Amino acid sequence: MSFINLIDSDWYKHLDYEEVSVNAGADSSEYISRYVDAGHHPKTLTLDRCHLDPGLPELVPVIEYFKLLKNVSFCAHRLRPGHYVPTHSDEYAYYTKKFNVDSNNVHRFIVFLEDHQDGHILFINKFTQNSYRAGNVAGWTGRTPHAALNFGLTDRYTLQVTGTK
């Protein structure tokens, strides 16, 4: 995993997050029902997000790190204890339409905003990320399967960076 030297602050804890269903923006309405039918509770299949203005001073080191990306967007995520995003592949419906790009050319990165805490897990293409430091970066391209889980006792904060090369 690569590393960004983040600004030492808890700015991300004070954002105006909105709770969204994990299938928000997905083309398939069957996504949630598959998990609910298997016994998952729909109230746990949510995350909190906040789209960020690239002019936010706290994003300066992140913008510098990703300076080779084009069409960059930033979104802070808060995953509350007991909530998770089951294995899925992003469809990038809004992003690909906005920037007129193919989803296979979209790069998505997760910047961990805090050191790993027990129960905070990220899966990317069958690999588990469960030992990280604030500023570590994980990522994938296109429709790579991934999942995020918070089986811990504290909120899990990450910054999602999306762009093209």
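Modeller: Start with a cut-off. A salt bridge is a side-chain nitrogen of Lys or Arg within 4 Å of a carboxyl oxygen of Asp or Glu. Keep in mind that this is a predicted model.

Biologist: What is the general idea behind such pairs?

Modeller: Side chains of opposite charge can pair when their charged atoms come close. Here, Asp48 and Arg80 meet in a salt bridge, at 2.8 Å from N to O. Asp48 sits in strand 3, Arg80 in the loop between strand 4 and strand 5, 32 residues apart.

Biologist: Is Asp48 buried or exposed?

Modeller: Buried means under 20% relative accessible area. Asp48 has 3%, so it counts as buried. Arg80, at 25%, counts as partly exposed.

Biologist: Which residues are linked with Asp48 in a network of salt bridges?

Modeller: Glu19, Arg78 and Arg80. Arg78 bridges to Asp48 with the closest N and O atoms 2.9 Å apart. Arg78 lies in strand 4 and Asp48 in strand 3, so the pair ties together parts 30 residues apart in sequence. Arg78 is buried too.

Biologist: How many salt bridges does a search of the whole structure find?

Modeller: Eight. One of them joins Lys13 and Glu114, with the closest N and O atoms 3.3 Å apart. These two residues are 101 residues apart.

Biologist: Now the core. Which residues touch the most other members of the largest nonpolar core?

Modeller: Val22, Tyr31, Leu45, Val85, Phe112 and Leu122, out of 24 residues. Helix 1 and strand 5 are among the elements that each supply at least two residues of this core. A second, separate core has 20 residues, including Cys50 and Leu52.

Conventions. Residues numbered from 1 in each chain as written. Predicted model: local features only at pLDDT ≥ 70, side-chain atom pairs only at ≥ 80, totals over all residues. Heavy atoms only, no water. Core = buried A, V, L, I, M, F, W, Y, C linked by side-chain atoms within 4.5 Å. Buried < 20%, exposed > 50% of the residue type's maximum accessible area, 1.4 Å probe, protein only. Helix = DSSP H or I, 4+ residues; strand = E, 2+ residues; numbered from the N terminus.
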